[in-house]
Amino acid sequence: MSTQAIESLSEDTVRRIADERDEPEWLLETRLNALSALETAELPDVIQTPGRRWTDLEALDFESLVDPVNQSDTTERTVGDDEVVVLPFTEAFDEYGEVIEANFGSVLDPEHNYLTALSVALFTTGTFVYVPEGVDVEDVTVRAEMNSRSLFSQTLVVAEESSSVTILESIESGDSEVDEDRYFSNLVEIAAGENASVQFGSLQNLDDDTYTYSLKRADVGVYGTVDWIESNFGSKLTRSDVESELNGDGAESQIVGTFFGTDDQHFDINARVWHQAEHTTADLVTRGVLDDVARSVYEGVQDVGNDAWNTSSYQRENTLMLSDDAEADASPKLIIHNHDTEASHSATVGQVDAEDLFYLESRSIDSLTARNMLVEGFFVPVLEEIAVDEFRDDVEELVFERLQ
Amino acid sequence: MATLEINDLHARVAEEDGERILRGVDLTVESGDIHALMGPNGSGKSTLAKVIAGHPAYEVTGGEILLHLDEEDVADIDAELDDEDYHWKLLELEPNERAALGIFLGFQYPAEIEGVTMTNFLRQALNAKADEREELFEDEDEESAEADDDDENEGYETSPMEGPADDGEIGVAEFQEILSEKMELLDMDEKFMQRYLNAGFSGGEKKQNEVLQAAMLEPAVAVLDEIDSGLDIDRLQDVSKGINALRDEQGTGVLQITHYQRILDYVEPDHVHVMLDGEVVKSGGAELAEKLEDKGYDWVREDAFEAA
């Protein structure tokens, strides 16, 4: 593989991380396998248009970005109900070792690509969430601050039959001495059992020295539901993939995305769903705003498999440009192998409507305020999809902050 | 008592080789009067309305638009005023400043704005008008002293999604009271207020909403562009009631652009003007509208041609 080897990365480093965390043998094996997979693993695919490769992951200097042994974070996990387990892995192995071993890497293959393998080999933070059968919990929050040069996070959610859980995670940059480029990697896998319901909201607001890679994937069982909310506001460059495999009959997933780029921020946003069973439903809704010289590239994929009879699948993406120098590309893709499908997909890139602006101005509202009202209004249809008030408020606040 | 005075106004579409549309419009509208502006399609009526409000799609190539105010029109202003504060050249002002001075444009095709509720929009507009007026009429020497503060106060402090903060110029209770009253007059359901601005409104609802906004903003002069088009008879009566109330209760001067005699049965004009090829070529009383209804515009064209 063309990706550069990282000098500081050795089997010893990985053993040291696993040792310090007192991890079981199987996890060390998983890490070491991931490490050796780096030799052949490829970087994630990125969108290419004629003459242009939108997100240049090859250019990332992992040698200087990755500092495996000095990872540091401050993570606060809160849960309103003790029937659900919300722990760092290190505290969960003793009691829940078997559940973790059975599910870890089952949804998201550690060797999926170079960046996932790197992340699994090196992760030092993250959360294990276990919702036993029939348990219904609303308010799990995981608020993390990244304090080091690089940070690798791994989250596993296991939701058993007929359980229900709402999880909100946020990641920000903590106070630190680091003023160089930084790297944050966040892998999340969700195993949602029969009739289980998981809502997972993620809010990324890292500082503008940070490169962020995030891959979240769910395996949704019979009559299960996994709803994602993926909000990206921070980072210099963000590559975000949110994916649902609808593996059980009647499974459902919604992927709601928001992003807001200013200055020279770059967002590579991806939402994908695989319909693999009968009567499954997916709804992909993303809205983003770009100002200054910010860029975004979006790919949405709805893949309807051979056996996915009676599929419903919808996708829409809208990008609003506030500056003539911002750039956006969007490719909504619909792949249908079973024609018993009701589906739609669309994407638009547009500017603030001049007539809308004039209408507000003609009512005494100055042009900047009018524009800001229209931008906030633009996000409302996606905000309305967010059932969790706290999360919606956070997103609103971040939108508001970015409107000068 | 306010007067909108338009002198020899020329305007064209603001693009290269843009079409000349207004070719010397003269028109004066005083508050308390209802003017009907009629004319065939393409004569420039809607363009005139938009140019008065400051639409960026048109470029003014000659003439002026003046707004004269008197004591009554600035009763809300505390600052000490000089002569300049009573006479404004609208072409030098931004659309929102014109609106704050008391110009209202009722749109023929109001914008549909997703995500901004009627309540938030109206409160934002009322507060913006009050703020903008304060700025426009501010004492000269205070202006420079406050310039520094303005940087910090720029932008807006309340999110339209949350609704403006309660410390705005207009209190919630007062706002609701005024609003309920105006909506009742227009026979509008209170549910309107939770809907997004014009989004999914029927043609008739949009027109009612334009009149409602005029009633809330209490303009000196309201230019209503084909407010009567596409209305059924019941709604036409509601809208007409609203327009008459603008004049009777607030002393608003109304410039009503219309194709049809029909609305003039309910909103009786004091003056009727005919526009042809970008000029006002004939003015008269209510009887002129009836004559136009009977005979069309050809005779006006012939008259104008002979006079020329």
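## A walk through chains A and B

The contact between the two chains takes 23 residues from chain A and 27 residues from chain B, where two residues are in contact if their C-beta atoms, placed from the backbone, lie within 7 Å. On the side of chain A that touches chain B, the elements giving two or more residues are α6 (354-361), α7 (367-383) and α8 (389-402) of chain A. Helices (H or I, at least four residues) and strands (E, at least two) are DSSP runs, numbered from the N terminus. The largest share of this side of chain A, ten residues, comes from α7(A). By class, the side of chain A that touches chain B has ten nonpolar, six polar and seven charged residues. Here Ala, Val, Leu, Ile, Met, Phe, Trp, Tyr, Cys and Pro count as nonpolar, Asp, Glu, Lys and Arg as charged, and the others, Gly among them, as polar.

This is a predicted model, in which local features need pLDDT of at least 70, side-chain atom pairs count only at pLDDT 80 or more, and totals for chains, interfaces and linings use all residues. Residues are numbered from 1 along each chain as its sequence is written, while chains are lettered from A and ligands numbered from 1 in the order in which they are written.

Chain A contains an open sheet of nine strands, in the order β4-β5-β7-β9-β11-β13-β15-β17-β19, with mixed pairing. Two strands pair if DSSP finds at least two bridges between them. At the edges stand β4 (85-87) and β19 (327-336) of chain A, each of which pairs on one side only. Neighbouring strands of this sheet are turned by 5° against each other on average, direction ignored. Such angles are taken between axes, which are lines fitted to C-alpha atoms, for helices over the stretch in contact; angles run from 0 to 180 degrees between N-to-C directions. Within the sheet, strand β5 (residues 125-131) of chain A runs parallel to strand β7 (residues 150-159) of chain A, and seven bridges join them. One residue to look for is V129(A), whose bridge partner in β7(A) is V157(A).

Helix α4 (residues 89-103) of chain A lies across β4, β5, β7 and β9 (182-192) of chain A and runs at about 65° to β5(A). Helix α5 (residues 114-122) of chain A lies across β7, β9 and β11 (210-220) of chain A, at about 90° to β9(A).

Helix α5(A) also packs against α2(A), at an angle of about 145° and with their axes 8 Å apart. This crossing of α2(A) and α5(A) is left-handed; a crossing is left-handed if the near helix is turned anticlockwise from the far one by less than a right angle, and right-handed if clockwise. From α2(A) the contact uses T30(A), R31(A), A34(A), L35(A) and A37(A), and from α5(A) it uses A117(A), V120(A) and A121(A). These residues divide into six nonpolar, one polar and one charged.

Helix α2 (residues 25-37) of chain A has another partner, helix α1 (residues 11-20) of chain A, packed at about 150° with the axes 10 Å apart. That angle makes α1(A) roughly antiparallel to α2(A), a term for angles over 145 degrees. The crossing of α1(A) and α2(A) is right-handed. E11(A), V14(A), R15(A) and A18(A) of α1(A) meet L27(A), L28(A), R31(A), L32(A) and L35(A) of α2(A). The residues of this contact are six nonpolar, no polar and three charged.

Elsewhere in chain A, strand β3 (residues 73-79) and strand β6 (residues 136-146) pair in the antiparallel sense over seven bridges. In β6(A), T141(A) is the bridge partner of T78(A). Nine bridges join β6(A) to strand β8 (residues 164-173) of chain A, and these two run parallel.

Chain B comes to nine helices and ten strands. Of its 308 residues, 42% count as buried, meaning that 20 or more other C-beta atoms lie within 10 Å of the residue's own, with C-beta atoms placed from the backbone. Nine of the nine residues of helix α1 (residues 45-53) of chain B are buried, so this helix is largely enclosed by the rest of the structure. Just after α1(B), G54(B) takes a positive phi of about 95°. Among the strands of chain B, β1 (residues 3-13) runs antiparallel to β4 (residues 58-68), joined by nine bridges.

Note on methods. Parallel < 35°, antiparallel > 145°, perpendicular 65-115°, else oblique. Buried ≥ 20, exposed ≤ 12 C-beta atoms within 10 Å, placed from the backbone.
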